[in-house]
Each structure stands twice: as structure tokens, then as C-alpha cells.
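Here are some exercises to work through with the coordinates open beside you. Try each task before reading its solution.

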Amino acid sequence: MKRMFFISGFIMACVFAALAASVLPAADLAGTWTLDKAKSQGLDPRLQNAESVQWIITQDDKKISIEPKVTAGQPPAGAPPAGAPPAGGPPGGGGGGGRGP
């Protein structure tokens, strides 16, 4: 008797889940999402120092597209300015000017 009750309950739960899935609309994520740095934790330093960060999301039945838009701010403390060569010279530590190996 318990087994029959369990099986009929399981079948009813499956039917209910299938009906709920077919009736509920899909989530619509489309729109412009803006990062709120005050409510965010563990951000990358580049995002933390950005002036603004937005995602423009478009969605249709089969695809979601995300277009990020980041407005640059100040570089992180100790980072070289944009376009500057990396500190320490060329890779390998050589000064250059030689004929090579």
C-alpha cells in the first residue's frame, strides 16, 4: 500500500512539474545592466577603477547576446600608464645590442 502511494505521488509530482514548465514564461534578461561597485565584492582592480561598466543584453527565443561597455577610469595604483612599456625592460632581462646566440 505504501509503495502504491509513493508511486502515485511521484507520478503526480512529475505531471505537475511538466505542466508548470509549459505554462511559466521564460525569463527575459534583455536590457541594460549597470555594475554597482558599492554592492559588489571581490572585483578585479580594472573593474573597481573603471568609471562605469554596463552590459547591454539582447535575447530572443534561441540566443542571448551580451555587449560589454566599459568606460575607463584611473589605472590601479602602481600600474604603468596605458601604452607604456612593461617595467623591467625586454623579456629575458637582456639589454639588447648583441648579435644573439
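**Exercise 1: Salt bridges**

R46 and D44 form a salt bridge in which the closest N and O atoms are 3.1 Å apart. The model is predicted, so local features need pLDDT of at least 70 and side-chain atom pairs count only at pLDDT 80 or more, while totals for chains, interfaces and linings use all residues. Residues are numbered from 1 along each chain as its sequence is written, and side-chain values use heavy atoms, with hydrogens and water left out.

*Task.* Find how many salt bridges a search of the whole structure gives, and work out why R46 counts as exposed.

*Solution.* Step one is the criterion: a side-chain nitrogen of Lys or Arg within 4 Å of a carboxyl oxygen of Asp or Glu. Step two is the search, which returns two salt bridges over the whole structure. Besides the pair R46 and D44, the side chains of E67 and K69 meet at 3.9 Å, N to O.

Step three is exposure, where buried means under 20% relative accessible area, exposed over 50%, and partly exposed in between (1.4 Å probe, protein chains only). R46 counts as exposed because its relative accessibility is 63%. D44, at 32%, counts as partly exposed. E67 is partly exposed at 42%, and K69 is partly exposed at 39%.

**Exercise 2: Strands and their partners**

*Task.* List the elements in order from the N terminus, then trace how β2 pairs with β3.

*Solution.* Begin with the assignment: helices (H or I, at least four residues) and strands (E, at least two) are DSSP runs, numbered from the N terminus. The protein has two helices and three strands, in the order α-β-α-β-β.

Next comes pairing, which requires that DSSP finds at least two bridges between two strands. Strand β1 (residues 31-34) runs antiparallel to strand β2 (residues 52-59), with four bridges; here T32 has I56 in β2 as its bridge partner. β2 is also antiparallel to strand β3 (residues 64-71), this time over eight bridges, and a hairpin of four residues joins β2 to β3.

Finally, check individual partners. S52 stands opposite T71 in β3, and Q54 has K69 as its bridge partner there. K69 also takes part in the salt bridge with E67.
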